Amino acid sequence: MHDLRAIRENPERFDQNWARRGLEAQTSSILKLDEERRAVQTELQEIQQERNSLSKEIGLMKRDGKDTSDIEAKVGKMKDRMAELEERDRTLGDSLNQHLSSIPNLLDEEVPNGADENDNKEVRKFGEPKRSNDKPLEHYEIGENLGMMDFETAAKLSGSRFVMMHSGLARMERALAQFMLDLHTGEHGYTEVSPPLLVRDHVLYGTGQLPKFAEDQFSTKETGHFLIPTAEVPLTNIMADMIIEEDDALPRRYTAFTPCFRSEAGSAGKDTRGMLRQHQFYKVELVSITLPEDSAAEHDRMTDCAETVLKKLDIPFRTVMLCSGDTGFGAQKTYDIEAWLPGQDTYREISSCSNCGDFQARRMKARFKRKGEKKTEFLHTLNGSGVAVGRALIAVLENYYAPADGGVVVPDVLQPYMGGLKKIMPLQGATTEQLKASA
RNA sequence: GGACAGUUGGCAGAGUGGUUGAAUGCACCGGUCUUGAAAACCGGCAUGGGUGCAAGCCCAUCCAGGGUUCGAAUCCCUGACUGUCCGCCA
């Protein structure tokens, strides 16, 4: 959401910034609506003022036992015009809100201009991609050869874009999540949260998924709840409708391990093999709430927290700053962390860390007050994956694969979470049915 | 799923149709007093919006949305949430 006052004061700044995302100029139509609405409000308030004072007078006259029918009739007549103006105010306000709430956040100065992911700017690299003479396997080949990754059964139950894992891989997924949570809570100062996974529509509005991205969400028929597409949604909304003191435990840092549900409506045909893009996946999320002046530094810190996960897993990655055309709706600036996937011979996104500035805070009314000040200000919100568990599993499979025996070495940091297991070996007689029996 | 009760400012808690945006207490901020502090006393203390150079003036908001009325925190309807009891259940 955008600050209407700021738009009034400097419309060019907004139009120019939005143009970087490929949007047409918006402010003139916004300001026209705004002007019209204020004119309506002014007239309405004048009438209301008149009504209020006459009504007070009636009260006093009645107390004195005087006749008030004349004056009552007079007030009664004002009602039509008032109703008319109220209706007009509401209509104008609605379209103004609808318009404003569908426009993406302003981009940070540093964000490079560009059309799509090809224009993203690499800022860091870690590790050396492993390259071998053999053609490396993709994660689903490794997983299926292990006999622990079953897309057929998942499809039978749920259709495409679902997977069912067994045995060592199921355990490794759990191990990854535990490892990440322990890292963020133990070393990075995040508070672990176990949030609701079903939320109401206003919560998704608060973080920016609604109204514009309704078709990307799953929802429940009976109750109208939405399944969270990321824990960013419940975690950030912890601050919704609050006014806190400036020194009240800021920054706040929350982490949660949750499933995420996405309809992937717009990605038909994309990443259809394997478990890279699923309707359901696990993710460890990081969310920070800060003062405005602290969000830039917190953004770097958060990105570092996410990178640490990959460093400890010893998976090569690079970090890119998204260009204007690739930066998401609610973000001012986003770093993607891309893990090296030997099977694809490329880096793929495994984490996305965004500074949303006051954009979400404004939508959900997350505010604070500075000491001695009367005015409230909006907090800044940040979110990042720390990291996507399913994709981390993919990265481990492809980077730790042992072609000699078809096994997958368990990264050191995960071994304590897997009972000391050092390597996942293929199950014997690798047909899915047998595997399930032996699992 | 059934029955009842509730939702008021940062918190607690008055208030059932007329100067109530809202008593009172606590918390918080400023002042007096004090060597300093505490106590006591005095004063201040909601949010959003309109208008104005400004001081200010005005409008809206007592869970949300409708309605009744000249006038609604207060009456009516719908919904959300919380609590209690019953039923069911991981």
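## Contact between H7 and H10

In this predicted model, Leu176, Phe179, Met180, Leu183 and His184 of helix H7 meet Cys305, Thr308, Val309, Lys312 and Leu313 of helix H10; contact means heavy atoms within 4.5 Å. The residues of this contact comprise 7 nonpolar, 2 polar and 1 charged. Ala, Val, Leu, Ile, Met, Phe, Trp, Tyr, Cys and Pro count as nonpolar, Asp, Glu, Lys and Arg as charged, and the others, Gly among them, as polar.

## Geometry of the pair

H7 spans residues 167-186 and H10 residues 295-313; their axes come within 11 Å and cross at roughly 130 degrees. H7 is therefore oblique to H10 (under 35 degrees is roughly parallel, over 145 roughly antiparallel, 65 to 115 roughly perpendicular, the rest oblique). Axes are lines fitted to C-alpha atoms, over the stretch in contact for helices, with angles from 0 to 180 degrees between N-to-C directions.

## Chain A overall

Chain A holds 13 helices and 18 strands, taken as DSSP runs (H or I, at least four residues, for helices; E, at least two, for strands) and numbered from the N terminus. Along the principal axes, its C-alpha atoms fill a box of roughly 100 × 45 × 40 Å.

Of the 439 residues in chain A, 50% are buried (under 20% relative accessible area, 1.4 Å probe, protein chains only). Among contacts with a separation of 6 or more, 72% join residues 24 or more positions apart.

## Basis

Local features need pLDDT of at least 70, and side-chain atom pairs count only at pLDDT 80 or more, while totals for chains, interfaces and linings use all residues. Residues are numbered from 1 along each chain as its sequence is written, chains are lettered from A, and side-chain values use heavy atoms, without hydrogens and water.
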